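Visitor: Please show me the model, and then let us go through it by question and answer.

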Amino acid sequence: MKKLLAVTSCPTGIAHTYMAAESLLKMAEEKGVPLKVEKRGALGVEDELTLEEIAEAHAIILAADTDVLESRFAGKPIIKVGVAEGIRNPAGLIEQALAKEAAQAQAAAPMQEQAKKEGSSVRTGAYKHLMTGVSNMLPLVVAGGIIIAISFIFGITAFQEEGTLPAALMSIGGGAAFALMIPILSGFIAFSIADRIGLAPGLVGGMLASQLGAGFLGGIISGFLAGYVAKWLRHAIKLPKSLEGIKPILIIPVLSTLIVGLMMVYVVGTPVKTLMDILTTWLTGLNSTNAILLGLLLGAMMAFDMGGPLNKAAYTFAVGLLASQVYGPMAAVMAAGMTPPLGLWLATVIRKNKFSKEERDAGKVAGVMGLAFITEGAIPFAAADPLRVIPGTVLGSAVAGALSMVFGATLQAPHGGAFVLAIPNAVTHLGAYAAAIVIGSVVTAVTVSLLKKSKPTAA
Amino acid sequence: MSSQTLLNIETIILDSSASDRKAVIKELAERLQAAGYLNDETAFLASVEAREQHASTGIGFGVAIPHGKSAGVIKPGLAFARLAQPIDWGSLDGKPVTSIILLAIPESDAGKEHLRILASVSRKLIHESFRQELLDGQSAADILETLESAL
């Protein structure tokens, strides 16, 4: 059954708010359409719509001449008219709302089918929250990545000179844009779940995930945590009417941020740090055993969490070896770090129908970032669909890492991507090394293409 | 504020010959004064007029709900008038007004009970049967019964 919602309001809030509400309710009853109407009049807000109801609703009718907190309905089909229209033309408004629903249902159908296949109706909800986070994070990834790549054009170590333009570019791209990436991902996942009250704990949780080295996977965890904590607090805290006003501005922000923050620091942060320490020690012990195995492992770690503890442990390990004049693992790590965004770019090119327009555009940018060894270019893809994308990136990077070790490639610089390749003697076995990166990218592209479901053509 | 004390058969006028807004409000206020709801008709009328200046109470469907909150009101009261000739009230739907429901609220009334009454009457107006009963009522007692159902 198509459920509809409506909000009515008028400037004086004495009569028309209630007349429009009654008019719509009466017509809905005649048509047999379930309808709930929130009335915002001089008596205050009556029958306030809950987030669950908004999530379930097929369309929302706003018959209002004043502000009705429209941001609550982001992403929902809305019919917006004055309060007079609500009184005069309830039948037309309800028909319009039902018709909107029909158009919406067509576009949403493939996604619902997908959810059914996965045997879970919750997934569409979680998927929606994830996508809200990813699409808000994406501009930061693009801006940050490209600006960092521009700084490499001046030479791969040019940014280390303080006060220069490359240094400024690095602090804009790396220090600011990339630093905001995970907080925004986390914040908007929480916003999608709990509306405005989710944003603060979500941003803070994401910032902590970032600072604690938990990466984007940590940011996804903090986003969901913040969203559901904020939502739960809103329902769980009951205050006398006179104190109700301080709930959204004082109590929920403080409690939700505190709960999420403490959980991130103690429940997520501590194990992440322990994990990194263990991995680093373990890798050091593994060093001399088997070159191919080491390359495979470093590659897989680089691509698994892209900035999280596994990635950091692998990278730190390789950089540490540079001091001991061991250059092989560094080459493997960079190849494996370039492969995920390059492979995903390739995937968006060879399998256009598996990606949305937005993702295909992001793919081009990811390609550029891949060339510059900015693994973060792959995060929007991985965060949006972790279960299908991460296996692909891990496989491709593991192959690239192992091949790099097999070919005996070495690298003396800890970053720079394709920019390093142009520097004489920075990389040995250049041709074979490039081949390792290409092969790894193809493996990622093919794997992701096979795992990903087709998108509806409308997307 | 029960409907028994709010409504009074003495404050219902079935065929008013008033030809403009102020005249019909004055006629209704006199009835409220006579029935013991008001002790200062002038003050009450001023509060009703002030409300009309703020925004018209012509809420459409040929009905207006003027109201005033004033120290000149002793206890909450409701008066009703049906006009022989519809008059203009600056209504939202542009239609002239035939039925007028005047609400008197004491200054001391801190609650929002009168708003609830107005909201309740407003909702009822959406139902054609209610509007028709207000137009068709043959006696003050009929109208009283209809209004009672709306509160």
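**The interface and the sheet**

Guide: Across the interface of chain B and chain A, 2 residue pairs are in polar contact, both at pLDDT 80 or more; such a contact is a pair of N or O atoms within 3.5 Å, within protein one able to donate a hydrogen and the other to accept it, and residues adjacent in sequence count only if both atoms are side-chain atoms. This is a predicted model: local features need pLDDT of at least 70, side-chain atom pairs pLDDT 80 or more, while totals for chains, interfaces and linings use all residues. Residues are numbered from 1 along each chain, chains are lettered from A and ligands numbered from 1 as written, and side-chain values use heavy atoms, without hydrogens and water.

Visitor: Which residue of chain B forms a salt bridge with A:E22?

Guide: A salt bridge puts a side-chain nitrogen of Lys or Arg within 4 Å of a carboxyl oxygen of Asp or Glu. The count between chain B and chain A is 1. With its closest N and O atoms 2.7 Å apart, the partner of A:E22 is B:R123.

Visitor: Which element gives the largest share of the side of chain B that touches chain A?

Guide: Helices (H or I, at least four residues) and strands (E, at least two) are DSSP runs, numbered from the N terminus. α3 (41–54), β2 (58–60) and α4 (113–125) of chain B each supply at least two residues. The largest share, 6 residues, comes from α4(B).

Visitor: In what order do the strands of the sheet in chain A lie?

Guide: Strands pair if DSSP finds at least two bridges between them. The sheet is open, with mixed pairing, and its 5 strands run β3-β2-β1-β4-β5.
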